[in-house]
Amino acid sequence: MRKIFLAVAAMAMLATACTKDVVGNESLVSFSVSSPELATRYGEGSEATDLYYAFYEVKNDGKLSILSDLSATTEDKAETLVGGKATINVSLVDGRNYAAIFWAQADGAPYTIDWATQKMSYDANATLTVNNEDYDAFYAYYPVSTEKTHKVSLTRPFAQINIATAEEDYENAKKAGLTATQTKVVVKGVCKSFDLVNGKVAADEQSELTFD
């Protein structure tokens, strides 16, 4: 009886091990990523061509677990948006829940993405200037469905601030002998981080930014 019991136990363990090895079939899934078509004006996003991305497995509790082997989160792995478009092909296991985050920016833009926590922050110590299109960026959080082809439209997470001086005021200043050689713009109450999943900013973490 003991030999039979041990044999049954061994067979049960073997069956369990075999079950764990079954991970499902992998399928090639294609993502067509594009930045929005913007009107011809300043800040049309033409410099935001470095496309970073990360794929995640969505756990039963809703938390995201990054899949490092399917992600391009470093500069040497970034894709390039050509004409505002790029195509990314990855192999995903059928029957699992996935999500992806895409982020496009200009080379050297003062942003840092924490891909593990899905947070974007900026370098508050960077020397910032106005009228700098290198600060433009686009992003998307994308829950992956069971389709094999996907169209991902990036959106801009930032607002553009336009500062204008009335021509009459400018002419009156010149007549009064005032010539501006340098200006600064101070923006207060700037949130330090941005959640790339739910789109919320960290309102309790604010700073002051000065633009030359």
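This is a friendly dialogue about reading the predicted model shown above.

Reader: Among contacts between residues at least 6 apart in sequence, what share joins residues at least 24 apart?

Author: That share is 69% in this chain.

Reader: Now the sheets, please. How do I read a strand order such as S5-S1-S10?

Author: The general idea first: strands of a sheet pair through backbone hydrogen bonds, either parallel or antiparallel. In this structure, 3 strands form an open sheet in the order S5-S1-S10, and the pairing is mixed. Strand S5 (85-93) and strand S10 (149-153) are the edge strands, each pairing on one side only. On average, neighbouring strands of this sheet are turned by 25° against each other, direction ignored.

Reader: In which sense does S1 pair with S5, and in which sense with S10?

Author: S1 and S5 pair in the antiparallel sense over 9 bridges. With S10, strand S1 (residues 26-34) pairs in the parallel sense, over 5 bridges. You can follow both pairings residue by residue. Glu26 has Val93 in S5 as its bridge partner. On the S10 side, Ser30 stands opposite Thr149, and Ser34 has Ser153 as its bridge partner.

Reader: What order do the strands of the sheet with S7 have?

Author: That open sheet of 3 strands has the order S7-S8-S12, with antiparallel pairing. Strand S7 (111-114) and strand S12 (193-195) stand at its edges with a single partner strand each, so one side of each has no neighbour in the sheet. The twist averages 20° from one strand to the next. S7 pairs with strand S8 (residues 119-122) over 4 bridges in the antiparallel sense, and Asp114 stands opposite Lys119 in S8.

Reader: Let me try a single residue. Is His150 buried or exposed?

Author: The number to look at is the relative accessible area, where under 20% means buried. His150 has a value of 4%, so this residue is buried. Its place is in strand S10. The His150 side chain makes a polar contact with the side chain of Tyr142, at 2.9 Å. Beyond its neighbours within four places in sequence, His150 is in contact with several residues, including Val29, Ser30, Phe31 and Ser32, as well as Val144 and Ser145.

Reader: How do I read a nonpolar core, and which residues touch the most other members here?

Author: In soluble globular proteins, nonpolar side chains tend to be buried together. Here, the largest nonpolar core has 26 residues, and Phe31, Val33, Leu51, Phe55, Phe102, Val152 and Leu154 touch the most other members. Elements giving two or more residues to this core include S1, strand S2 (50-58), strand S3 (64-72) and strand S6 (98-105). The largest share, 5 residues, comes from S5. There is also a second, separate core of 22 residues, with Tyr56, Tyr122, Ala137 and Tyr139 among them.

Reader: Which residues are in contact with Leu51, leaving aside its neighbours within four places in sequence?

Author: Among them are Val33, Ala78, Leu81, Ala86, Ile88, Phe102, Trp103 and Leu154. Glu79 is also one of the contacts of Leu51.

Reader: Is Gln118 buried or exposed, and what does its side chain reach?

Author: Gln118 counts as buried, at 11% relative accessibility. Its side chain reaches the backbone oxygen of Ala116 at 2.8 Å. Leaving aside neighbours within four places in sequence, Gln118 is in contact with Tyr56, Leu64, Ile101, Phe194, Asp195, Leu196 and Val197. Looking back at the second core, Tyr56 is one of its residues.

Terms used
Residues numbered from 1 in each chain as written. Predicted model: local features only at pLDDT ≥ 70, side-chain atom pairs only at ≥ 80, totals over all residues. Heavy atoms only, no water. Pairing = 2+ DSSP bridges. Axes fitted to C-alpha atoms, helices over the stretch in contact; angles between N-to-C directions. Buried < 20%, exposed > 50% of the residue type's maximum accessible area, 1.4 Å probe, protein only. Polar contact = N/O pair within 3.5 Å; in protein donor to acceptor, adjacent residues only side chain to side chain. Contact = heavy atoms within 4.5 Å. Core = buried A, V, L, I, M, F, W, Y, C linked by side-chain atoms within 4.5 Å.
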